[in-house]
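Welcome! Take a moment to look over the sequence and the model below before reading on.

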Amino acid sequence: MRKIHLLVVLVVLSFSTVLQAQSVKLTGSVVNSETLEAISNATVELVPGQYKAVTDSKGLFEIKGISPATYTLIVNYIGFEKFSALVDIKSDMNYEVVLKSGGLSTEVIEINRAIDRETPVAFTDIDQGTIDKRMQGQDAPLLLRNVPGFYAYSTDGVGNGEGKLLIRGFNQNYVQVLINGIPTNDPESNSVYWSNWGSVSANAQSIQIQRGAGSSLYGSGSFGGSFNILTETPGLNRFIGLKGNIGDPKNTMYGITVGTGLLGKFSGTLNVERKIGEGSRTSGRYEGLNYYLSAAFLPAANQTFKLVLHGAPQSHGYSYSNDVGYFKKFGYVANSAPLVSRDVANLWDAVHNAQPEFTSQYRSISDGVRELADDNFVNLSHNMFHKPQVELHWTYNLKDNSTIRATGFWSAGRGGGSSINSAGTVWGYKNGRGVNGIRVDTLSTNYYGSEGYINSFGVFDTIYTKNAYQRNSYSIHNQTGILASYEKSFGKTFRLTGGAEFRYWTAEHPGYFTNLFGKNSVTQRYAYRDTAGRVTGATFNRAVYQGDINGPDYDWGFDVFGWKSDNDPTYNKQYRNYNGETPQLTVFTQGNWIYKNLNIMGSLQYVWYQYKLTENMPSENAIGQRLTLEQASTMNLQNEGPVGDKFYMKSTDNRWYEFDLVRADRSRGFLQPKVGFNFNATPNFNIFGNFAHVERFADLGVYYNQGRINTDAEDEKSNQFELGVGWNSELLTTKLNGYYMLWDNKAASIQDQSMAGQPGYDRNGFRTELIGTSKHMGLEFEIGYSLNKILPVKGFGVRGSLTFMDNTWQTVLSSVLTDPISGKRRPFNTSALDQNGNVDTLFFDELEGTPVASGPQFMSSLSLTYDHQGFFGSVDMSFFAKDYILDGGSYMAVKGDWVGTDYKNRELFQSEFDDQLPTRFLFDANFGYNFNFGKKLPLKGTVVFQVLNIFDTEYFSSADRYGVIPGMKRSFRANISLGW
């Protein structure tokens, strides 16, 4: 016991000795790089810590009381580029700073951003130089490499609007995406649609990824992490630039940049880009226009206004998953989304005299009005959307060492996504019986052409569209908000931040039957109670008709404000129509106490939200009440439609049904505490740790429950612990951290095909439900090392990362284990397969201890980099494993071969099953040159060449319950930017 006491005393004494280490001072000067004249009133700051100074009339500065450590020295002055350098201060030091003209300090300072060796969270910064070296035109998540705990992919392969990201296994619905500090997740579902933010991806200045709840101060989106983008700021000098991009597969992007330079106290920049791209999968078409305006006004040295306007009207086709046999037959570029060759589409229009107006019996499919049409294909399932956002940022630095920041913002989203329903079967198997991990299936139906899409008029006209209809799900929404904060430093030891963020969102969600392919009507099925009020499982059919919304036809038109639903009082051209209203408020405060080398952070947020849902017509899965003939006669029902909070519907056999329209209002509030510490034990070595409790309002799918409001839906919650260490020196930078996270009331999609189309389930038997608690734990490691002192050639370095996760279901809620009426075990997935490929229903009570499908749970990367005298390049290797396909560890065919034919000459496919996607090694490379010819020829720019997936490896990047999703094929890109 004495030895333990002695050890504790020694540790405490050592800790105290470090804290009481002798302080030092930093002195220096700041001069103009061109004239070497002194610059007065420049701000000088050391990070981490509260070390700040302002240069005097001779350009000199002095900072006293510094604890010996490694700091980032930051110097700012209006009209010059920001200076940033790593300095190792062990004793009194003098440092000369040379500022280059050309920068304007109008950068948005985002209070959620973490600071190295100060903020106690795990994060990674990607600067503009790194972003500029990536493949231009991609969704922002696919610009990143070598980030531990982070995984990104796209269903089209290359990231044209369908990018997805996961952080520590949390999908992007649980990651707070911030653009210049403004939350962009859909307030109703917390979804992120990267196709809306093409201009942001193209004009990103820096990106910070925080893993875990992190230091986010407002909103409830930072559940599993945050993805924080800052966009470009205006420049000091007048500038005209051109940029272009070509690639294979097609990735044509060209645009112009105009900068006003500093005009008195004003500076502005306008970027406009046109993009036409193809995914690495068939007909993964993208067409869009990016526009980005940034204007800054500096009324005084301590005050900045910045106006930002950006938008990206676009249209892009979807790329679908499918079984492995489909891709083995047609290649990993194949796409089974509803698409048809352009020749077939033109012929169909000509044969049926199809017209673009929705009032025409045959509505055209080749004119691009509600389809994505190019020279080769017509994609009948696609998305078109335009979501401009306006931001006004104000920063005011007061004389008492405090800062006021405020941001007002507004956005308006208009557009929708189309789909094909009840299409004739063109691909299908007769499944065999699996044994020893092998199953042989018989291809019973195949009407695809040789490349996996429909290229036959007869197939399209008489099979595929015979009973099919096209639907378009629209979203017409507006969001307005304000974010304000006050930050004050009390001496050098304490910094306090407080503020609030408020958002108000309204949305209309009509859904139309936009094309019935020549049919006068189709039927929509609804469930009902009989006249005695009993739910018997019986359904009735309602006749619905072709219709559409008022809005732009196609592609990248600018009709933002003209969208509105057509006059449809009976709603017999629609399959859904409801309005959402979501105000959300966060009040927050955070304190940072810094004593010598120790920083302790504590924050508390109160989040309140309200969701109001108003149906204008019943959900497809609502339950109606069948009226007696006497009731219908007494009510004198003549026309379908809403009456007050009821909706009256007539079946095809002339019976009347009454539905209750949802009028739901839900509001909740919760506290989110976060605490952490960062201790810079030596000038190079630091330790950090944190704890966070975060909550998130219940998923809309859980609450709305396919039209049956779940008033008992609980909010999702998470308790998170993290501990990490870091080393930072001139040659070596490395970080290692571990985390443990519990996710309570986790929602997931379940499937019970026996309930398909029944109340509470969609037509495929899916519903979203609160399941239980999952555990997310892991280790993350990243390293960067300069080879300048090892190799005779300067500029080489290595980077690497390693991630190991263990994400499993820990407990299941008792409320979902058994059916409340029958008492029987409830199935989680009735389509689950075992290791032999045979159906083996997975029940809720079997989930505990099984994997959570959450992307690769083992990832590693290694890069050789070069950056010297304008030349740069890298060769990157990535490895992914432990990628569980489905929750519960259910199996899926991930390998196989076509092995011949049966006695009827039908093709046979032999499948191999696994609960994980195959591991994959991927190699990428890029190289380029930054050039600047100087004053004699004022031309500067960047040239970049890239090859992604160098060896053209065929692999699957993800999967869902419908099949596997191919990853990117080999892709070439060449980017050039020129400026005068």
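This is a predicted model: local features need pLDDT of at least 70, side-chain atom pairs count only at pLDDT 80 or more; totals for chains, interfaces and linings use all residues.

## Cavities

Let's start inside. The model holds 11 cavities of 30 Å³ or more, and the largest cavity has a volume of about 540 Å³. Its lining consists of 32 residues, with L144, R145, A152, S878 and F880 nearest the centre.

Several strands supply at least two residues each to this lining, among them β45 (796-812) and β48 (856-868). The largest share, 5 residues, comes from β9. Sorted by class, the lining has 16 nonpolar, 13 polar and 3 charged residues.

## Helix α6

Next, find helix α6, residues 457-464, where V459, F460 and Y464 are buried. Viewed down the axis of α6, the buried residues fall within an arc of 95 degrees, so they line one face of the helix. These buried residues pack against β22 (339-341), α5 (342-352) and β27 (402-421).

## Salt bridges

Side chains of opposite charge can pair when their charged atoms come close. The count here is 36 salt bridges.

In one of them, E287 meets R274 at 3.6 Å, N to O. E287 lies in strand β19 and R274 in strand β18, so the pair ties together parts 13 residues apart in sequence. Both E287 and R274 are buried. Another salt bridge joins E907 and K329, with the closest N and O atoms 2.9 Å apart. Because E907 sits in strand β51 and K329 in helix α4, this pair ties together parts that are 578 residues apart in sequence. Salt bridges with shared partners also join R168, R211, E722, E780 and E782 into one network.

Notes. Residues are numbered from 1 along each chain as its sequence is written. Side-chain values use heavy atoms; hydrogens and water are left out. On a 1 Å grid over the protein atoms alone, a cavity is a set of points where a 1.4 Å probe fits but cannot get out, and a pocket is an open set with protein on both sides within 12 Å along at least five of seven lines; lining residues have an atom within 4 Å of a point. Grid points are joined across faces, edges and corners, and a volume is the space filled by probe spheres set on the points. Helices (H or I, at least four residues) and strands (E, at least two) are DSSP runs, numbered from the N terminus. Ala, Val, Leu, Ile, Met, Phe, Trp, Tyr, Cys and Pro count as nonpolar, Asp, Glu, Lys and Arg as charged, and the others, Gly among them, as polar. Buried means under 20% relative accessible area, exposed over 50%, partly exposed in between (1.4 Å probe, protein chains only). The arc is that of the directions from the helix axis to the C-beta atoms. Contact means heavy atoms within 4.5 Å. A salt bridge is a side-chain nitrogen of Lys or Arg within 4 Å of a carboxyl oxygen of Asp or Glu.
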